[in-house]
Amino acid sequence: MLTRCLPLLLLPSLALAEVQLNAERDSGPAGTAFELVIEATQSRPISSLDLAPVKNQFEILSQRHSSRSSFQGGQSLYTHRWNLQLKPRTTGTLTIPPLVVGYERSPLFRYQATPGAQKPALSTPSKNSVRLSVELLETLVYSRTPNQLRVRLHYAVPLSHAELTEPSVEGLHIEALGEPHHGQETVDGQAYRTIEQHYLLLAEHAGTFEIPPIEFEGVAPSGSAEGLRLKTEPLSLEVLPPPAESVEPWLAATELRLSQQWAQPPQNLRAGDTLNRTITIEAHGIPASWLPVPSLEAPEGVRVFPQPVRRTQDTRNGTLVSRLEMDIGLLFTRPGPVTLPSLALDWWDSVRERPERSELAATNLVIEGFVDTESESAPSEARPAAPSEAAAGSFVGGQWSAWLWALIGLICAAGWSLSRSKLRQTEALLAQAREELQTQRQANAQADYREEEAHAFNALAHACRQNDPEGATRALIQWAKYSWPEQAIGSFSDLEINAQDPTLSYLLRNLEHSLSGVDDDPWMGDLLLSQVDRLRRRRRR
């Protein structure tokens, strides 16, 4: 049975690259459980973790998995976390070999399991020295609606160690609401110190659930001959199916809000522009994993690129607060009026016991026409010089020409030898030839780059027309290398830095999303090809 040690210990960290192992401790009695946390951040989702190597020397009492996604440095990152409660199977130096976590491996973990000191004989404390109580906030609830279990320990004698078992019931989602609260209270004239812990209970289906007894074990300070033990009575929880007037699908919370944010004001938009929209669902009393992903409709003239959702949760004033954030890239493909449809979420208010609806109103936009990036202003013709300017230029040129010949005559008269003059003339001719050769080589190299760039673009066009995301990725990087030969380009991030094109950045996110395998919809390459072609022609201007 799982136990919570009071107080909890800090967790030292063992890190290797992007995979981390965090252990509650690295040594302890063989019969005592401890927590091990495995966390990995990688560029693609991790489907599963093989824990068979852990079971060789440890018993897995419980495990919990959570994940979140983020976008950093031009790429999507996925963070997975596994919380394991482990108990050594034997004494001695125990090891967990490196585990395969996605495309990386965790570090080797060692744990020193000791025989441990003989536990003192346990006895039931006197009625007034230690008290243990449990209480359900509600004994009759609907399925998937939040309920709370409160565990309170009163003790009038000092304790050097205390452990409380944690509730665990199949079919009930149970989550501790924050850390235990320590306080003081006087009951029937007796002063007590208190430890209080609240748990969130969520029944996944209707039925009757029995919550097993909560057990307490404590040890008095050194010198005492015996330990202390208490156990509560089991509790019964009756869970009803959703009421007849409930919403479908069934989503219950004590509070729920739906909001949206824009990366920039949705104004002055043109066809070909992109706009980033973030939709947030915040709910109280349910875990983040139960929040639904919004279903978005794409109106005509708009391409929608939803990104992986981010789920977070924390405890505020004894209430579980969960958030789901979803970034959506909008690409406007044609001019004219556009209406982004309203978004509604039906839910059940478990406090007022009535259906509710949170809604985002429809957004009306006006999209202007494409910016003509192909038009070039005609080069201005050379303005003929005015007669006075030409005459002045001729006069000045004639003066300088006369002075130049006079200088040459003086030099010759001064005795410059013909051989030295010939030598300098030869050196000048050689320098001119070297410069012309270098210019020709640069021209040839540029012609080669243009030819290779054209081949790479043709390969990209073929992959996009075939809707092949892998082929498009290879061809796009190759095209970028020949388009910016002076830069070291090897990734989408390098391409974005040099292209400086927001629309292309959104299309690259869509391509990355398709390569990750998260999106079931087929990737379409027509927009990427169109935007690269537009960028290509703009660079040639």
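Visitor: What makes β31 and β34 partners, and how many bridges join them?

Guide: 5 bridges join β31 to β34 (residues 363-368), and the two run antiparallel. Two strands pair if DSSP finds at least two bridges between them, so 5 bridges are enough. Strands here are DSSP runs of E, at least two residues long, and helices are runs of H or I, at least four residues long, both numbered from the N terminus. In β34, Thr363 is the bridge partner of Leu340.

Visitor: What kind of model is this?

Guide: This is a predicted model: local features need pLDDT of at least 70, side-chain atom pairs count only at pLDDT 80 or more, and totals for chains, interfaces and linings use all residues. Residues are numbered from 1 along each chain as its sequence is written, and side-chain values use heavy atoms, with hydrogens and water left out.

Visitor: Why are β26 and β31 said to stand at the edges?

Guide: Their open sheet has 3 strands in the order β26-β34-β31, with mixed pairing. β26 (269-270) and β31 (336-340) each have a single partner strand, so one side of each lacks a neighbour in the sheet.

Visitor: Why are α5 and α6 called roughly antiparallel?

Guide: Helix α5 (residues 492-499) and helix α6 (residues 502-516) pack at an angle of about 170 degrees, with axes 10 Å apart. Axes are lines fitted to C-alpha atoms, for helices over the stretch in contact, and angles run from 0 to 180 degrees between N-to-C directions. Angles under 35 degrees count as roughly parallel, over 145 as roughly antiparallel, 65 to 115 as roughly perpendicular, the rest as oblique. The two helices are therefore roughly antiparallel.

Visitor: Which residues of α5 and α6 meet?

Guide: Contact means heavy atoms within 4.5 Å. Phe492, Leu495, Glu496 and Ala499 in α5 meet Leu504, Ser505, Leu508, Arg509, Leu511 and Glu512 in α6.

Visitor: How many of the 541 residues count as buried?

Guide: The share is 39%. Buried means under 20% relative accessible area, exposed over 50%, partly exposed in between (1.4 Å probe, protein chains only).
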